[in-house]
Amino acid sequence: MARRKFDSKALAKGLFSILVFLVLWEIGSRSKTWITAEAFSGFREALGALGFNKNYLPWVGAIPAPSEVVVAWGKVIVDPGYWQSWWMSGARVGGGFFAAMLVGIPFGLALAVSRTAHGIGFPVFELLRPIPPLAWVPASIIFWPTQELSIAFVTFLGAFYTIVINVVGGARSIDVRYFQAAQSMGSSKADIFRRVILPGTLPSIVVGSAVGMGITWEVVVAAEMISGGGSQSGGTSGGGLGFFIWNSYVGGSYEQIVVGMISIGIAGFISSELLRHFGKYITPWLRLR
Amino acid sequence: MPTQDKQPVSPDILLGILKATMPFQVVSDAMLRRIAAISWKVSYRAGDTLYEAGGPADDLYIVVSGKIDHELAPGVNARRPMKTLGEGDVFGWAALLEKVPNRLAKAVCTEDALVIRINGEELLKTFESDPDAGDVVMSRFATMITRDYTVPDLIAQLRGIHRKLHARDAQGMNVTLYRVSRWLKSPRPYLMLLGLSIFFGCWYLAVEVFKLPRFREMPGITTVVTEWLNPNPVFGLSLYTEEYYKHIAVSVWRVTQAFLLATALGVPLGLFLGWSKGVKDYLFPIFEMLRPIPILAWVPIAIVMFVATESAVIFLTFLASFFATALNTMLGVESIDESYTRAANCLGASKSQVFFHVIVPGALPFVFTGLQISVGVSWFSLVAAEMVSGQYGLGYVINTSYTMVRYPTIIIGMITLGAVGYVTSAMVRVAGDYMMQWRVRELALGAR
């Protein structure tokens with residue numbers, strides 16, 4: 001895998017295809033201007049006959065072109081409000097995610113270790129799990145005193161289920177022979193927990209956290225959109241990236257929507273990568289495989 | 001013909017012997033007593049032939065004392081045909097194989113021996129009355145045939161019995177009842193009840209009895225249930241209103257469309273991404289560039305792109321499922337052992353044959369994992385899409401109930417959403433298990 005990263009041919013191919021993608025996108029979204037040419041009148045009629053808007057290519061024509069997005073980004077990048085949105089979303093994701101780890105890992109371990117805890121806790125957990133986190137948004141707005149807390153709660157839920165499921169699954173999949181070996185060599189229960197269960201579950205905790213982090217970003221965006229930013233100050237600044245997107249939509253600056261989308265993509269990517277590297281660092285024995 | 005004196009054995013002695021014998025160790029005492037009832041004790045002298053290859057395969061033998069030479073016939077393809085058996089060994093398992101009416105080996109007594117004989121037919125009948133225990137014993141026989149007698153080919157015959165037992169298993173109402181009664185005897189249902197009652201009790205007490213701060217504003221459990229079961233609901237939505245089912249139907253229909261579209265596009269894309277390095281080199285970077293963008297960030301752009309809100313909602317629901325399906329399918333193809341493809345190529349398979357007979361079935365387990373994730377994710381994004389835009393649907397119910405201060409309806413919407421989502425993912429799981437029975441069977445035998 002490591003060698004493939006420096007495969008310059010694959011890199012060139014990838015860059016080439018991204019370039020083609022961008023060019024097609026540019027052409028497509030600029031269709032508003034070129035489609036008016038005389039040569040395309042038949043094409044316009046065909047679009048109209050299919051039920052599409054005659055003035056631009058379907059779908060892609062409605063999206064701002066990459067060049068416009070870059071220009072808009074250049075304007076926004078010097079705006080402190082934009083960076084404030086990064087910070088707010090990041091803080092919410094971080095808060096909800098760490099709360100989920102803090103509650104989810106001990107809860108998952110308890111379910112995995114004790115049969116009684118599993119019997120009592122798991123059915124309730126399974127009862128609540130199919131409800132999508134976003135369906136909790138209104139209920140959590142009613143319940144929590146500030147909007148900030150309600151967004152954090154929904155974010156927490158998004159990561160919590162994944163982390164718990166992964167911890168339980170990871171502990172369950174530990175080879176029984178490890179327990180038997182530890183027991184026959186006279187380990188105490190605490191030793192087994194510390195030396196067998198914990199390191200055995202760590203890889204799944206890492207995987208669960210990485211997946212949970214992705215979901216957290218999804219949820220935070222939605223929660224910010226639905227609850228209207230979560231900031232009392234309002235305006236373009238201070239509401240997080242989800243609100244940045246929503247606000248750009250309401251304000252009609254479509255280029256900024258795409259800027260926001262890409263920013264969230266980058267933010268999510270960075271946080272997952274950080275988590276993955278940290279995971280590799282704390283599970284050094286997996287590197288040998 | 002060997003000299004033999006066939007005599008019944010006292011059940012208690014037999015119980016001890018059976019308990020010490022490998023395949024019967026885990027069987028319950030009651031069942032062992034029934035097996036004891038169909039067993040005989042027989043003694044042989046050194047030089048006696050117990051049976052010849054080709055003779056009728058009727059009984060199963062357990063050595064109590066003495067030595068028996070067991071030689072599998074050349075046609076059986078055993079890796080080590082010769083074996084000397086001593087105390088506690090089991091042989092004559094041809095009696096338990098399907099489609100093998102005759103002995104596969106020759107058994108000769110080399111040292112005065114005492115053996116227990118159990119009739120194979122009777123034994124199988126005993127197992128059928130308790131398929132759970134029977135299964136365990138049969139799978140131990142499977143282990144024995146591969147490991148001790150080194151004839152893995154014959155597993156197929158035993159597997160037939162496995163399936164036969166399973167088929168009966170599914171038909172028998174008795175078995176279901178038996179499972180239920182065993183489940184009721186375990187602590188699980190009571191713990192479950194305890195857990196659920198703690199949960200609902202806390203809800204009830206916190207909201208309606210003690211009226212704790214913050215909980216006071218939440219709808220209580222009795223309010224929700226009475227509203228839900230009310231023919232004339234206060235807030236306009238209950239089990240008796242037509243609208244309730246309309247919302248469910250709209251949501252389900254949207255998810256179905258998005259899911260089918262995502263499967264139809266995502267599975268082929270994933271297969272090609274995993275199969276061809278060229279396709280992957282070109283397309284995967286774009287895929288990976290778009291994937292980290294949360295689906296919800298697409299909401300405004302989807303509204304701009306599609307004139308109709310309905311198609312925007314479906315597009316958003318589709319997008320999440322599509323990424324999950326395509327990615328899992330690709331991982332599935334990459335997980336296939338390369339030696340399968342090489343073997344197929346060596347045997348002269350064409351590219352399309354490799355694709356349809358190696359790649360597609362090999363990726364299937366991952367595809368179904370992907371589809372399960374995809375259903376869950378599609379409900380997730382459907383709710384968001386419906387909350388932000390769109391009319392009808394369960395997400396819409398939850399959101400409008402909030403803005404119109406119909407709090408119990410929010411909870412009804414949430415519960416319904418959870419139930420419907422659970423049913424749909426269970427359907428996908430069942431479909432997956434059904435289509436991949438070969439894999440389920442492989443996993444069941446994987447323990448050997």
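User: Which residues does B:Trp298 touch, leaving aside those up to four places away in sequence?
Analyst: In this predicted model, B:Trp298 touches A:Met261, B:Ile293, B:Leu316 and B:Leu319. Contact here requires C-beta atoms within 7 Å.

User: What makes B:Trp298 stand out in the largest nonpolar core?
Analyst: B:Trp298 is listed with A:Leu134 and B:Leu316 as having the most contacts inside that core, which has 128 residues. Membership requires a buried residue of a nonpolar type, joined to others through C-beta atoms within 7 Å. Buried is used because 20 or more other C-beta atoms lie within 10 Å of the residue's own. H14(B) provides 18 residues, the largest share of this core.

User: Which residues belong to the second, separate core?
Analyst: That core has 46 residues, including B:Phe24, B:Ala36, B:Ile68 and B:Phe141.

User: Why are H8(B) and H16(B) called roughly perpendicular?
Analyst: The axes of helix H8 (residues 221-228) of chain B and helix H16 (residues 407-435) of chain B cross at roughly 75°. The range for that term is 65 to 115 degrees, and the two helices are therefore roughly perpendicular to each other. Their axes come within 9 Å.

User: Which residues of H8(B) and H16(B) meet?
Analyst: From H8(B) there are B:Thr223, B:Val224, B:Glu227 and B:Trp228, and from H16(B) there are B:Pro408, B:Ile411 and B:Ile412. By class, five of the residues in this contact are nonpolar, one is polar and one is charged.

User: How many residues of chain B are in contact with chain A, and of what classes are they?
Analyst: In chain B, 45 residues are in contact with 43 residues of chain A. The elements that each supply at least two residues on the chain B side include helix H7 (188-209), helix H14 (351-388) and H16. That side divides into 37 nonpolar, four polar and four charged residues.

User: What makes up chain B as a whole?
Analyst: Chain B has 17 helices and seven strands. Of its 448 residues, 38% are buried. Among contacts in chain B between residues at least 6 apart in sequence, 74% join residues at least 24 apart.

User: Where in chain A does pLDDT stay under 50?
Analyst: pLDDT stays under 50 over residues 229-237 of chain A, and the model has 18 contacts beyond four places in sequence for that stretch. Where pLDDT is low, the predicted coordinates should not be read in detail.

User: What is the mean pLDDT of chain A?
Analyst: The mean is 84, and 93% of the residues of chain A reach 70 or more.

Key. Residues numbered from 1 in each chain as written. Chains lettered and ligands numbered in written order. Predicted model: local features only at pLDDT ≥ 70, side-chain atom pairs only at ≥ 80, totals over all residues. pLDDT = per-residue confidence, 0-100. Contact = placed C-beta atoms within 7 Å. Axes fitted to C-alpha atoms, helices over the stretch in contact; angles between N-to-C directions. Helix = DSSP H or I, 4+ residues; strand = E, 2+ residues; numbered from the N terminus. Parallel < 35°, antiparallel > 145°, perpendicular 65-115°, else oblique. Nonpolar A, V, L, I, M, F, W, Y, C, P; charged D, E, K, R; others polar. Buried ≥ 20, exposed ≤ 12 C-beta atoms within 10 Å, placed from the backbone.
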